[in-house]
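Dear colleague,

Please find the structure below, handed over for your use. A short account of the findings follows it.

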Amino acid sequence: AGPANVLSIFVLESYTGDDESSLAKSIETLLARVLEDLEKADIRRVTFVIPRANHPLPSIFTFRETADFTEDHLYRDIEPEMSYQLEMLRLTKNFSVTYLGAHLSPSGQVYLYKATPKASALAHDKKANKAPRIFARAVSFIGEFSAGTFEQLLVESFNAVDSIKTSDQGGDNHLFMNVVSDSQSSIIDPVLVEQVVSSILKRYSDRTARLGIAEVEAKTVCRLAEDAHPISLRLVASNPTGFVQVVNTYIEAVHESGSKRVFKSIGGTKANMACSGDSSWEDLDVNTPYPLTRPFDAQRKAALRSSDTLYCYDLPALFEAAIEKQWTDATGEGSQPAMVMFTSELVVKKKSGGPWTIEDYANGNLELVEAQRKAGKNDVGMVAWLMTLKTVEYPNGRQVVLIANDITHKAGSFGTREDVVFKLASQFARARRIPRLYIAANSGARIGLAEGIKKVFKVAFKDPSNPESGADFLYVSKSDYERLGVSRKDLIAEAATLNGEEVFKITD
């Protein structure tokens, strides 16, 4: 095989019609006549650039060998050198994509697509939102990344999305912005970039919500030090609680296997040190398709539905936002620290390693350790954090322990393992003489019965005709007790009389 050649054709005469699809079909017919010649010349892609009489930007059509030189609709009006920067292939695995036109962006830097979930994707995510959503892809070539260039591209993207005439904007729209700097040798501190992006998005939070944009993704290439290689920096911003914008910052790094590039969260950033982000992109391939449902959306909906509350791992972000508001409202109280909160999760671990049980607690084989753990890694329905809060009253920081139920774990029920986490975290706070805060959101105690007993136990109601009046005790029949209690020692019960019949009241 020869070299992979491309052919770009620039037409000087303007197209005066309005039906670009018919124009694309005409070009397809033309290319079909010369397929053999294109193959001999090893042409892999043909691009037509045609001026438009009614628009300052030209129409751009792309035809690929892999599709027998029919138009690749995904890249309509995208210049070939820009297509790589827009990461379009991440859209097509889970969505059927329809191009909405470049006329919505005066500069031609923003491309809008209507994305409808594919049946194959819905088969794997049956609870996903089936409604179409908007994907906005923006790219800007600049001299150097700055707050001004980022805000300018953001506003143009918002204006483009806002110009779509639709009865409902939905709530799962996505905006991707790639700020391509001419000087990739510039040294940029990721913490500073995160602060810039966060402050700008905070100003536009109302408009972001009104446009139904659930996630803003920004990419730029920079250096972290003078002698460092260029890296790709990725910031993902969302407002999962509806109260505060959260930004997670990643770099694109080579996986330890050496076979792919993955996202790695950067330590020292605001979301990382405050535990206010979910790090849901950690270790994902950089080409991972966009999912129908974003990570932790199911947990957030479950928490809202079951207890009208928030997912527990979103709580630290609210504390951080409250402290920042306190500093904003304070006057003459000094300057706000760059980081107003530092957080680590308090995790119960077995001293000898491995999963822990209630027997390990009884044997004194458990300890509570501070850890930087990704959201959602808990296997107990109780979560605790140690937070250092730099408030106006305590600008140097004071520590508190925050404990919260995970309402999404086993329906939010409270069992012995949850009790262990609660007790150890409470003892941790008392030993250090620091406040302990508990945010309760649970569905009550979880009765630990063996599966065989669950099938035979019965309830002695105070008033059988009115179960809402409550129960006196749980029991099993005499025959079931003799089968389970006497021979197998699966339950502890004592004899009782119920309606003149001998039964066995469960006591343990």
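Asparagine 499 is exposed, with a relative accessible area of 78% (exposed means over 50%, buried under 20% and partly exposed in between, with a 1.4 Å probe and protein chains only). This residue is placed in the loop between strand 19 (493-498) and strand 20 (501-506), and its phi is near 55°, a positive value in a residue other than glycine.

The model is predicted: local features need pLDDT of at least 70, side-chain atom pairs count only at pLDDT 80 or more, and totals for chains, interfaces and linings use all residues. Residues are numbered from 1 along each chain as its sequence is written, and side-chain values use heavy atoms, leaving out hydrogens and water.

Eight strands make up an open sheet of mixed pairing, in the order 4-5-6-7-8-9-10-11. Strands (E, at least two residues) and helices (H or I, at least four) are DSSP runs numbered from the N terminus, and two strands pair if DSSP finds at least two bridges between them. The edges are strand 4 (95-99) and strand 11 (261-265), each of which pairs on one side only.

Strand 6 (residues 133-142) and strand 7 (residues 173-181) run parallel and are joined by eight bridges; phenylalanine 135 has histidine 174 in strand 7 as its bridge partner.

Lysine 219 is found in strand 8 and is buried, with a relative accessible area of 11%. Among the residues that lysine 219 touches, not counting those up to four places away in sequence, are Glu87, Phe176 and Glu252 (contact means heavy atoms within 4.5 Å).

Yours sincerely
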